[in-house]
Amino acid sequence: MFFLMGITPGRKDFDFYQNMQCGQCGSWGRCRIFMTYMVLSLFFLPCFRWNRHYYVQMSCCGTIYELDREVGRRIARGEDVTIQDRDLTLVQSGGERSAWGQMKVCPYCGFQTGEDYDYCPKCGSRLSGR
């Protein structure tokens, strides 16, 4: 009798987004929440997950923060949560450009965003790509 087992890393992205100011670049951006874990699979079916870590990736510069475990669990359960600065621990600094796309700059107020906005969320003027 053969048993096919394996231990592999996994990642799950959550459908949770919040706008907040990045502690690294100072810009406003959307944060994307994801979880990493290790999984034991038996016959290619996941059986057991452990070593769960929750992360926040900022859209403004791509900086990655580790999220407090309890806040991450609440997000995974689908609860309405507001992420605070005290819940984040810096893991990896990002660059000046957005990890999700090209930076856009408002020609009137100078607001910068990596989001896919057509109009400035600060003053309402049409945005231009850089």
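Reader: Leaving aside neighbours within four places in sequence, which residues is I33 in contact with?

Author: This is a predicted model, where local features need pLDDT of at least 70, side-chain atom pairs count only at pLDDT 80 or more, and totals for chains, interfaces and linings use all residues. Residues are numbered from 1 along each chain as its sequence is written, and side-chain values use heavy atoms, with hydrogens and water left out. Contact means heavy atoms within 4.5 Å. With neighbours within four places set aside, I33 is in contact with D13, F14, F16, Y55, V56, L67, I75 and I83.

Reader: Which residues have the most contacts inside the largest nonpolar core?

Author: A nonpolar core is a set of buried Ala, Val, Leu, Ile, Met, Phe, Trp, Tyr and Cys residues joined through side-chain atoms within 4.5 Å. Buried means under 20% relative accessible area, exposed over 50%, and partly exposed in between (1.4 Å probe, protein chains only). The largest such core has 21 residues. Those with the most contacts inside it are I33, V56, M58, L67, I75 and I83.

Reader: Which element gives the largest share of this core?

Author: Helices (H or I, at least four residues) and strands (E, at least two) are DSSP runs, numbered from the N terminus. Two or more core residues come from each of strand 1 (5-21), strand 2 (28-42), strand 3 (45-58), strand 4 (64-67) and helix 1. The largest share is 5 residues, and it comes from strand 2.

Reader: How many salt bridges does a search of the whole structure find?

Author: Side chains of opposite charge can pair when their charged atoms come close. A salt bridge is a side-chain nitrogen of Lys or Arg within 4 Å of a carboxyl oxygen of Asp or Glu. The search of the whole structure finds 5.

Reader: How many residues apart are R73 and E70?

Author: Their side chains meet in a salt bridge, 3.9 Å from N to O. Both lie in helix 1 (residues 69-76), about one turn of the helix apart. That spacing is 3 residues.

Reader: Is R77 buried or exposed?

Author: R77 forms a salt bridge with E70 at 3.6 Å. R77 also pairs with E79 at 3.0 Å. Its relative accessibility is 52%, so R77 counts as exposed.
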